[in-house]
Amino acid sequence: MDADTSRALLSRAIARVANRDSDALKYVYRHTSAKLFGVCLRILNDREEAEDVLQDVYLNVWNKADRFDPEKASPITWLVAMARNRSIDKLRSRGSRVMAGVEEAEAVPDAAPLASAVVEADEDRQRLDGCLDQLDPKHAGAVRTAFFEGVTYDALAQMIGVPLGTMKSWIRRSLLSLRLCLEA
Amino acid sequence: MTDALPPVSDEDRPLAGEYVLGVLDAAERAAVQSRIAAEPSFARAVEWWENRLTPLASDIRGVEPSAGLWPRIANLIGGASKPTLWNNARVWRGVSVGAVALAAASVAALVLTPRAPSPSVIAPAAPAPAEVALIKDPGTNQAALVATLDHATDTLILTPVAMTMPEGREPELWIIPEGQKAISLGMLPTDAPRAIPLPKDLRGAGAYTALLAVTDEPPGGAPTGVATGSVRAAGKFAKT
């Protein structure tokens with residue numbers, strides 16, 4: 001199945017979820033749960049917490065599927081953004097365990113290699129990569145680390161080993177450059 | 001080197017991007033989340049960043065969650081159902097029997113054919129003591145509310161079918177008589193019917209041709225009496 005078809009099927013399933021169709025939610029779950037669980041686990045690095053967040057994400061899809069607008073976002077982007085946001089909120093709420101084993105998270109086995117086939121249109125990704133490549137490599141690295149770890153400026157500065165003010169400046173400048181580049 | 005650049009001023013701070021990237025602390029995230037709910041332009045900026053940055057997630061490998069997770073979710077949604085529309089006796093008291101029956105029939109029709117509520121299914125076959133209008137979400141064309149006009153008591157009954165609001169916003173009902181400004185008819189609950197007496201000069205044909213609209217407003221309603229939010233639903237009794 002090509003990416004456009006799976007995207008269209010997923011959008012349609014989400015529209016059916018808005019009508020309280022639990023089979024449609026099951027379809028969404030079957031096709032996205034491995035991907036979203038990977039996202040939650042990458043940030044939380046704790047299976048139990050990641051599953052709690054994942055459960056929350058699908059309950060939220062169940063209750064708010066009508067807010068999904070296929071004109072504004074791809075379905076997987078909408079779902080991944082929701083999973084990231086909830087994982088980051090969860091990470092903030094637990095406080096002290098923030099820095100727990102980055103290596104461990106990276107060693108997560110690739111149990112569902114095909115799940116990423118549904119993911120974002122390659123075009124968007126290539127565009128982003130092109131814009132990231134124009135940044136100072138250190139800054140681009142900080143942006144990627146921030147995205148994957150979901151940690152605060154403070155924790156990010158410690159991880160990368162630069163002062164907090166420097167990290168803020170790197171990230172803000174990078175975002176401003178990315179905005180210009182991505183808008184172009 | 002770039003490290004020595006002056007800090008980015010607050011005014012240029014790409015806050016929506018920082019939120020999406022995930023570098024804000026808990027308090028800042030909470031503040032941003034309430035801005036998303038209150039400021040459509042800010043919400044759009046967040047959406048913009050989400051669409052641009054989320055493709056990075058394709059690098060994250062999928063991992064199967066436990067087999068027990070789906071049954072858990074299925075169980076939780078099994079107990080969930082649409083808000084009960086009929087359990088608020090107070091709202092219904094005083095409304096003529098015909099209006100209630102007609103509203104019931106129209107809601108039943110909506111529930112049966114939720115994807116395509118065809119007006120022909122809902123329209124009364126003959127002149128009836130009450131009339132029903134679907135107040136639809138302009139984005140999806142799905143009914144958000146059913147409005148029932150009860151001529152016997154000059155009452156408008158609004159029954160939510162699928163009305164959702166952005167977080168922190170509440171639905172306010174407006175009536176816009178032909179060629180005139182919108183008049184607020186007050187706030188609506190999203191999960192229970194509400195009966196609203198029609199303003200005196202709008203009884204009869206006036207209410208029939210007026211547009212009914214719901215906008216999202218801050219709790220308590222639009223502060224100046226003029227709608228500030230987006231139109232979430234609109235419709236009228238008269239067929240156009």
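**Entry 1: A:Asn60**

Leaving aside residues up to four places away in sequence, A:Asn60 touches A:Ala65, A:Met82 and A:Arg86, where a contact means heavy atoms within 4.5 Å. A:Asn60 sits in helix α3 (residues 47-64) of chain A. Helices (H or I, at least four residues) and strands (E, at least two) are DSSP runs, numbered from the N terminus. Buried means under 20% relative accessible area, exposed over 50%, and partly exposed in between, with a 1.4 Å probe and protein chains only.

I noted the ground rules here. The model is predicted, so local features need pLDDT of at least 70 and side-chain atom pairs pLDDT 80 or more, while totals for chains, interfaces and linings use all residues. Residues are numbered from 1 along each chain as its sequence is written, chains are lettered from A and ligands numbered from 1 in the order written, and side-chain values use heavy atoms, without hydrogens and water.

**Entry 2: α3(A) against α4(A)**

I followed α3(A) to helix α4 (residues 75-94) of chain A; the two pack at an angle of about 135°, with their axes 10 Å apart. Axes are lines fitted to C-alpha atoms, for helices over the stretch in contact, and angles run from 0 to 180 degrees between N-to-C directions. The angle makes α3(A) oblique to α4(A). Under 35 degrees counts as roughly parallel, over 145 as roughly antiparallel, 65 to 115 as roughly perpendicular, and the rest as oblique.

By class I find 7 nonpolar, 2 polar and 7 charged residues in the contact of α3(A) with α4(A). Ala, Val, Leu, Ile, Met, Phe, Trp, Tyr, Cys and Pro count as nonpolar, Asp, Glu, Lys and Arg as charged, and the others, Gly among them, as polar.

**Entry 3: α3(A) against chain B**

I found that the axes of α3(A) and helix α4 (residues 69-78) of chain B come within 10 Å and cross at roughly 40°. α3(A) and α4(B) are therefore oblique to each other. α3(A) passes α4(B) in a right-handed crossing. The residues in contact include A:Tyr58 and A:Trp62 of α3(A) and B:Ile73 and B:Leu76 of α4(B). The classes here are 8 nonpolar, 1 polar and 3 charged residues.

**Entry 4: the disulfide**

I searched all chains for disulfides (cysteine sulfur atoms within 2.5 Å) and the count is 1. A:Cys131 and A:Cys181 form it, with sulfur atoms 2.0 Å apart. A:Cys131 lies in helix α6 (residues 122-133) and A:Cys181 in helix α9 (residues 164-183) of chain A, so the pair ties together parts 50 residues apart in sequence. Both A:Cys131 and A:Cys181 are buried.

**Entry 5: positive phi**

Most residues other than glycine have a negative phi. I noted A:Arg20, where phi is near 65°, in the loop between α1 (3-17) and α2 (22-44) of chain A. B:Asn141 also has a positive phi, of about 65°, and lies in the loop between β1 (130-136) and β2 (143-150) of chain B.

Definitions and conventions
Left-handed = near helix turned anticlockwise from the far one by under 90°.
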